Amino acid sequence: VFLIIFIIIAIMSKTTLSEYLKMIGDSFADIRITNNKRKKLDTNETLDLIIKKFQQAKIKKKKLILIGNGGSAAVCGHISEDFTKVGKIRAINFNDGPFLTCLSNDYSFEQVFKKAIEFHADAGDILIAISSSGNSMNIRNGVKSAKKKKCWTITLSGFKNDNALSKMGDLNIYTPTSNYGITESSHEIILHYLLDTIAKFI
């Protein structure tokens, strides 16, 4: 009986592709962007500001630094590659296994991005910190480290609207969804939008 009930619930709760895509779309409908004082900003105006910041970084020969864990790390790897090749802006991420395990072993996992940024960041660089939950300590420590290095910081997060990361950046982009796949997809789409817009001016 329990097996039959489970199967019926699973079938009834199955999400179609159209429904899934709608969920991603809905996450953009309620997107929230705030500054470091928690003031809500106009989405389109703020994305235009980010594009200008990226263009300035390119002119001044600064770089983008992207940090994330798990699926967000994969987003960082993909986007840093595309910004370098297509956007013509130097972009790096810290997805190298030996490098990460070295820093984790010597300093702790919570300090891994903090130390990586200390080693590689320059004043005027732009940090993009991605965490679906917004509560990953190593990402939060990375943002703190970037600020000390005088980097401009952008955070992308999801899940709870008062997550810790969403209060830390110069600009904070929050997508209201508790689904990992939708959160990660939303973050990647936002970054691709910025990249594709910049690429038009090359």
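**Before selecting anything**

The model is predicted: local features need pLDDT of at least 70 and side-chain atom pairs count only at pLDDT 80 or more, while totals for chains, interfaces and linings use all residues. Residues are numbered from 1 along each chain as its sequence is written, and side-chain values use heavy atoms, with hydrogens and water left out.

**Stop 1: the whole chain**

Show the chain as a cartoon. The secondary structure comes to 8 helices and 7 strands; helices (H or I, at least four residues) and strands (E, at least two) are DSSP runs, numbered from the N terminus. The radius of gyration is 18 Å, close to the 17 Å that the globule rule gives for 202 residues, so the chain is as compact as a globular protein of that length. That radius is taken over C-alpha atoms, and the globule rule is 2.2 Å times the number of residues to the power 0.38. Along its principal axes, the C-alpha trace spans about 65 × 40 × 35 Å.

Switch to a surface. The accessible surface is about 10700 Å², and 58% of this belongs to carbon and sulfur atoms; areas come from the Shrake-Rupley method with a 1.4 Å probe, and for residues only the protein chains shown count as cover. Of the 202 residues, 42% count as buried (buried is under 20% relative accessible area, exposed over 50%, partly exposed in between; 1.4 Å probe, protein chains only). Among contacts with a separation of 6 or more, residues 24 or more positions apart account for 68%, where contact means heavy atoms within 4.5 Å.

**Stop 2: serine 186**

Select serine 186, in helix H8. Is serine 186 buried or exposed? At 0% relative accessibility, serine 186 counts as buried. Leaving aside neighbours within four places in sequence, serine 186 is in contact with Ile24, Ser27, Phe28 and Thr175.

**Stop 3: aromatic pairs**

Rings of Phe, Tyr and Trp (its six-membered ring) pair if their centres lie within 6.5 Å; planes under 30 degrees apart count as stacked, over 60 as edge-to-face and the rest as tilted. The count comes to 3 aromatic pairs. Select phenylalanine 94 and phenylalanine 99: the ring centres are 5.9 Å apart and the planes are at 45°, so this pair is tilted. Phenylalanine 94 is buried, at 4% relative accessible area, whereas phenylalanine 99 is partly exposed, at 22%.

Next, select phenylalanine 159 and tyrosine 180. Their ring centres are 4.9 Å apart and their planes are at 70°, so the pair is edge-to-face. Phenylalanine 159 lies in the loop between strand S6 (152–157) and strand S7 (171–174), and tyrosine 180 in helix H8 (residues 180–199), so the pair ties together parts that are 21 residues apart in sequence.

**Stop 4: backbone at two loop residues**

Stay on phenylalanine 159 and check the backbone: phi is positive, about 60°, although the residue is not a glycine. Then move to lysine 88, in the loop between helix H4 (71–85) and strand S4 (91–93). Phi of lysine 88 is also positive, near 60°. Lysine 88 is partly exposed, with a relative accessible area of 49%.

**Stop 5: charges over rings**

A charge sits over a ring if NZ of Lys or CZ of Arg is within 6 Å of the ring centre and within 35 degrees of the ring normal. Select lysine 53 with tryptophan 152: the lysine lies over the ring face, 5.0 Å from the ring centre. Select lysine 115 with tyrosine 107: the charged end of the lysine sits over the ring, 4.6 Å from its centre.

**Stop 6: salt bridges**

There are 5 salt bridges, each defined as a side-chain nitrogen of Lys or Arg within 4 Å of a carboxyl oxygen of Asp or Glu.

- Aspartate 26 and lysine 22: the closest N and O atoms are 3.0 Å apart. These residues are 4 apart in helix H2 (residues 17–29), separated by about one helical turn. Aspartate 26 is partly exposed at 35%, and lysine 22 is exposed at 53%.
- Glutamate 118 and lysine 114: the closest N and O atoms are 2.6 Å apart. This pair is 4 residues apart in helix H6. Glutamate 118 is partly exposed at 29%, as is lysine 114 at 23%.
- Lysine 63 and aspartate 122: the closest N and O atoms are 2.9 Å apart. Lysine 63 lies in the loop between helix H3 (43–59) and strand S3 (64–67), and aspartate 122 in the loop between helix H6 (112–120) and strand S5 (126–131), so the pair ties together parts that are 59 residues apart in sequence. Lysine 63 is buried at 6%, and aspartate 122 is partly exposed at 40%.
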